[in-house]
Amino acid sequence: MNLLDIIIVHYKNEALLLDQLDLLFPANAKSDFNLIVVDNSEMLKPSDLPKKVRLIKKPFNSGYSSACNTGYINSNSEWLLFLNPDVLITQEEISSWLNFATKEKLDVTSPLPSSNDYMKPLPSFYSLLQEFTPFNKFLPKLSQNITLTGGALLIKRNVLDNLGGWDERFFLWFEDTDLTKRLTDHKYKIGFYPTKINHLGGQSFADLNSQLKKNIFFQSMANYSNKHLGLATKFLSTIIKKRFTKTKILPALNKDLVSLIVPNLKTDLLDDFLDKNIKFLGEKNLELIIVSSALNSQNINQYRKKYPNVRFIALNSNQGFAHTVNIGFNAASGDYVGTINDDTVLTENWLKPLIIQLEKYPGSVNPIILNPNGQIESAGIKILPFGKAQPQTLASSLEPYFADATNGACVIYSKNALAKVGVFDEKFGSYLEDIDLSMRLTKAGFKNSVVPESSIIHLKHQTTTSIKLNKSWLDFKNWWLVILKNWPLSWWLKYWPQIITERAKNLKGMVVNNKKTTFKLILILTLIATFISSRLYKIESSLWFFNDIGRDFIELYEWNKTGMPPLLGPQTSAVAYNQSAVYFYLLYPMYLLTNHSPFATIYTGVIFYLSMFVFGLWYLRKDKWYQNLLIGCFFLTTIHPQFVVQNRFVWNPTFIGPLLFLAFFAYLKLKTEFSKSNLAVFSLTVALATSLNFSIVPLTIAFMILATLDFWPKLNFIKIYLASIFGFLFWNVPTLLFEIRHNFFLTKLLFTGEKIRQVSLSIPEKIHDFLYHTLYHLDFNFSLVLAAILFVFSLITFAKRPQKRFFIGRTLFLLAATSLITFAAPISIQSHYIFAFLVLMFLLIVSLQKWLLIITTIILSIIWLRPQQLQEYFKIPYRTITEQQNCAKLICQNETQPIFVSNQSNHHPYHNAMEWRYHFLENGCNIKLLDTQINEADKMAVVIDDSNYTHKKTSYNELTQFGLSQEIKRYQCQPNLEVVILKKSAN
């Protein structure tokens, strides 16, 4: 392998190139470098160049990135130097530059920019504001990553191999910015050669007018934004582009050239297409652009070498036909652009008649699309006013004719027409985007033509068969989009019954054609209905309002009344830590939205649960197996008694389960794709789960241990640590602000205050309690047998299904590590501490082999949904919320002095009467806290709810603190519901 190959891209500036070559190869001088010139202008001849120079002629100007890739795949060296002809450099300077890169152990380097005009930062929201808006007068310049100069770039060959070469979606400009971004993301070492090199700048493009430059520049900027930047920056980029250019597509740069886009999902279809149509790929007036999510850095150069006249653009993921083709449209340089499916076969003289028709009638044009048996599949499309596209299967004339719409299986567009109406609408994803574009062209005065003289063969829906589960849904959704965007009011008024009927047929097709999907949908709806009914059933008399939730409402009331966030400390947690900083993000807004409804906590739980469920289905939309597992996990969560009965807000398992499921699946996705989005989902979900429930700490530690083992030695585990810490800090910003403001009050309490009283149990006792709470109140021996069966089932699946070993292995590791950490800690295994175990157990269950999963699910459903358990789900308390509120209202109308509250009840006799204090506060009573305001009231209201009460004969803590008292009044709210008013006495 040579040390260095120099690649020069030439375009219409022969004199400048020859000057450059004279510097590189002075007379009689020896050269240690090979030099390749890629000619994009068809002007050069081999005789024009020194013998040492290899000339590669492109049939048309395919853009700078494409030309760079052509030189790159024809080179054979350790280092590559890409040069514009307007960079004047000598062999000595190149040697010095190469020595600098080797000494500094750089992967890629450019010369230090010769002026500020070339010192461009990587685009960001701030840099775009600074460079292209009037805000540049006010915004200070910040130190940012500088873009490498594509016209003078020295890079290691293996680095460019790993990146898959230059991205050919960039015809001109931003290709070096894109390369810099990818190098930065992959942590390659970038440096700038400190010696300035003479770069004349822009000479190869000097003959084009300034508006054309703007059109190309800002289209390339839009391409970069769509590839790399977030929603806000994309929006800003769109506004900037509209300010400088009105065109909606890359301008035509090659006269009479047809740029044909081939969207592709599978390499086997791509191979078949190229093999069948190879004789057409060298046509001088045809530019073929393959845009594929099946291409990557490992295989794309193989295609470039095999098909040198074809441009290849690799996508990280498939985002639908419209998105894929638009990327090709925005990279295409021809006067005409089109798209053709990868399951088609071209025929002789198919293209010329289409272009002749477009020259007469700009817009879109179809050939006759034939089935493999020679029958007409589509000769244009007729659009029916009730919302149906009907392919014409007979040519209406031997001469070209007009149709309502053209078929996207093979269609050519006038670029000038697309510059006015735009490209495909990406909201469609796949299907009917061609119908929408045809109707937009018609509205703008263009024509949709069909040319019977031209034909191609369509092998028919080779890609559709792989995504048939989504096609019926896309047809249903996209027809509504077509209708809402394009239907005139007269069609709506005249045909609305037929429109509704046709959409109902789409839904019927979804059910009939996709039985598995329909079953999944029914399962999801059943799951949702079960969850909601278990929480909203007879909500007026719901037990879930009482106990812990009552104390949450006390804090919400005070927050709303004073305008000050609650300073909660030990009052709301078993430890001196302000957990409310997290759950009040959710609870307080719902409390305000529902006008202080006592059911706000239940509404919040339901909305959060369903939101996490929907987000999980969306997040795992490309991982169908993971998506099915998530549905199974949510089903088990819904029917497990502990998740229903323990539906309190402070330790709310309604939140913990969904968060941990998402954290686990995000972790598995990190293992296969270590992306920012997957890292964000993992870190934020596991941090929120831990913040809501400290019993998750052992599992969080287990995750960190597993990350170390999985990602060592790449150090990605450090990113997981840091992201998780950031997530925890993010959710607890109010706590941090409170601590800073109050001299770290809670931190001091954590170390100096009263410790949690926990019993240090033996390991056998802990195992007993763990099984009792996890499998829910079953006999220990029976629980042990069930646990052993589940473990054996997991081992069977692990042995029989290699593809599930990754999933099961990590679940078992987390379960083992979490158990060891929990059992080693000096805490008893109460119901609060089992939610992490339950989540891991559910993950094991849903990953079992199908028949083992069915057996396990039936057994557990029988256990958890047994009649006596269902009664507990829907247990009705002695009082409704309204009855309590009416009773509190009666007291507050008569008792205007400060007063304490106590509660004696047979059905919820603990937690210091929090719900009753809330009712009294909401109805205007002047309630004082017995713990901290003992001398601020001399009366106490004792609520007697279905309980016996004899004055001075009680062990209740509030009454003991209150001290000696005498009964001064009784209020009879209802039978078995009284309120006794006590007053302190000296005796």
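Predicted model: local features only at pLDDT ≥ 70, side-chain atom pairs only at ≥ 80, totals over all residues.
## Strand β11 and its burial

Strand β11 spans residues 286-292 and is mostly covered, with 7 of its 7 residues buried. Its side chains are divided between two directions: Leu-286, Leu-288, Ile-290 and Ser-292 point one way, while Glu-287, Ile-289 and Val-291 point the other way. The residues of both sets are all buried, Glu-287 and Ser-292 included.

Strand β11 pairs with two strands. With β10, residues 254-264, the pairing is in the parallel sense and extends over 7 bridges. Within this pairing, Ser-292 of β11 has Asn-264 opposite.

Strand β12, residues 310-314, also runs parallel to β11, and 5 bridges join the two. Here Arg-311 in β12 stands opposite Ile-289, a buried residue of β11.

## Ser-225 in helix α7

Ser-225 belongs to helix α7, which comprises residues 210-228. Its relative accessibility is 2%, and Ser-225 therefore counts as buried, the cut-off being under 20%.

When residues up to four places away in sequence are not counted, Ser-225 touches Lys-234 and Ser-237.

Note on methods: Residues numbered from 1 in each chain as written. Heavy atoms only, no water. Helix = DSSP H or I, 4+ residues; strand = E, 2+ residues; numbered from the N terminus. Buried < 20%, exposed > 50% of the residue type's maximum accessible area, 1.4 Å probe, protein only. Contact = heavy atoms within 4.5 Å. Pairing = 2+ DSSP bridges.
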